[in-house]
Amino acid sequence: MSKKMDWKQFLINYGIICVLGVLVIITGIFRPKFFSVPNFRSIALNVAPRFIIAVGVSGCLITKGTDLSAGRMVGLAACISGTLLQKADYSGRFELTKNLPTFGVWWVVVVLLIAMLVCAIFGLINGLVISYLNVPAFIGTLGMQLIVYGICLVYTDATPIGGYRNDYTYVATGSLLRIPILFWIALVVGIIMWFLYNNTPHGKYMYAIGGNEQAAEVSGVNVKWTKIRIYVMATLAYALAGFLLGAKAGGTSVNMGQGYELEAIAACTIGGVSVNGGVGKVSGVLIGVLVFELLKSAMQFLGMETNLQYIVQGFVIIISIAVDIRKYIAKK
């Protein structure tokens, strides 16, 4: 005899996804162009870099941490990439790199590595502060958020950056086998993170720390260095996302990525990553990001005022975290 469906538990686990799914269906009925190939392509291009950010944040959440510096790291990586990849003849070229010689296509990859290295240094500092100074992740990464933003302001002098080389913007606009390169990059990142989470000692240690940090340490897990690796890996993801977002936008400023950490946290919790630690899957993160992007697209198609969209997104973040905490209390 089949087990009776526990509707209460189902609604607790998937209620917010169901509500957003209904909104998407209603939008498609009243705005037929919502279910069009161009719109789905646009959503996919938005999902790709945000998924990379969210999968970086997910590791922090699984270990009962967080990373409020994610958005500013994205902005810093975008600004570093932008200043180093402007056209040689661009009239508004960044002053510090104005005399930089013109390099070949390989320079795009080098710049990505530079951005990732710079962000990794800040990730290492985050990990050290959280692990060895025992500063709560919320406070430590909030401080880093301000530090990174200040450094970005000093570096760019708050000047908008544009005039990118074609080989840089091609990363976001080009396709491989008729599928956007952005999608392929996000797919590779997702596969790598899935493998790390499910088939390596690092992944096992991460879930063990989130489940019970003291028990994990007693069992021989090097908790401090595992956390440091998590925060460094997270910043590598932010740097890649910032690099891609800059190419996609064709320009950037210090405000690139602002608030993206909150979207990432909300997407993770919608997708089943618990802020209480020990629970979460890469596939769930992808679902959460997709649902969140569908929500934003639906509100735009329905003609909702931009200011009201922020209010709705704020409610979604609050509700998703509240539901996650409710599930944690119920389990206890």
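Helices here are DSSP runs of at least four residues, numbered from the N terminus. With that in hand, one spot to look at is Gly-272, which follows helix H11 and has a positive phi, near 100°. Keep in mind as you look around that this is a predicted model.

How many of the residues of H3 are buried? The count is 15 of the 15, so H3 is largely enclosed by the rest of the structure. From its first C-alpha to its last, H3 reaches 21 Å, close to the 21 Å expected at 1.5 Å a residue.

**The loop between H3 and H4**

H3 spans residues 70-84 and H4 spans 106-132, and Leu-100 sits in the loop between them. With a relative accessible area of 27%, Leu-100 is partly exposed, because that value falls between the 20% limit for buried and the 50% limit for exposed. Setting aside residues up to four places away in sequence, Leu-100 touches Leu-84, Arg-93 and Trp-107. Tyr-205 is another matter: 105 residues separate it from Leu-100 in sequence, and the two C-alpha atoms are 44 Å apart in space.

Gly-104 belongs to that loop between H3 and H4 as well. This glycine is partly exposed, at 29% relative accessible area. Which residues does Gly-104 contact, leaving aside its neighbours within four places in sequence? They are Arg-165 and Asp-167. Along the chain, Gly-104 and Asp-167 are 63 residues apart, while their C-alpha atoms are separated by 9.2 Å.

**How the helices meet**

Two packed helices are described by the angle between their axes and the distance between the axes. Here are two pairs put that way:

| Helix pair | Axes come within | Crossing angle |
|---|---|---|
| H4 and H5 | 10 Å | roughly 150° |
| H6 and H7 | 6 Å | roughly 70° |

Take H4 and H5 (residues 137-156), whose axes cross at roughly 150°. That makes H4 roughly antiparallel to H5, since angles over 145 degrees count that way. The contact is made on the H4 side by Phe-122, Ile-125, Asn-126 and Ile-130. On the H5 side, the residues taking part are Ala-137, Gly-140, Thr-141, Met-144, Val-148 and Ile-151. The crossing of H4 and H5 is right-handed.

Now for H6 and H7, with axes crossing at roughly 70°. That makes H6 roughly perpendicular to H7. Here Tyr-170, Val-171 and Ala-172 of H6 meet Ile-181, Leu-182 and Ile-185 of H7.

Further along, H7 also holds Phe-195. At a relative accessible area of 46%, Phe-195 is partly exposed. Thr-306 is 111 residues from Phe-195 along the chain, and 38 Å separates their C-alpha atoms.

Most residues other than glycine have a negative phi. So where are the exceptions to look for? Asp-157 is one of them, with a positive phi near 60°. Asp-157 lies in the loop between H5 and H6 and is exposed, at 62% relative accessible area.

Arg-178 also has a positive phi, about 65°, although it is not a glycine. You'll find Arg-178 in the loop between strand E1 (175-176) and strand E2 (179-180). Is Arg-178 buried or exposed? With 83% relative accessibility, Arg-178 counts as exposed.

Definitions and conventions: Residues numbered from 1 in each chain as written. Predicted model: local features only at pLDDT ≥ 70, side-chain atom pairs only at ≥ 80, totals over all residues. Heavy atoms only, no water. Helix = DSSP H or I, 4+ residues; strand = E, 2+ residues; numbered from the N terminus. Buried < 20%, exposed > 50% of the residue type's maximum accessible area, 1.4 Å probe, protein only. Contact = heavy atoms within 4.5 Å. Expected span 1.5 Å × (residues − 1). Axes fitted to C-alpha atoms, helices over the stretch in contact; angles between N-to-C directions. Parallel < 35°, antiparallel > 145°, perpendicular 65-115°, else oblique. Left-handed = near helix turned anticlockwise from the far one by under 90°.
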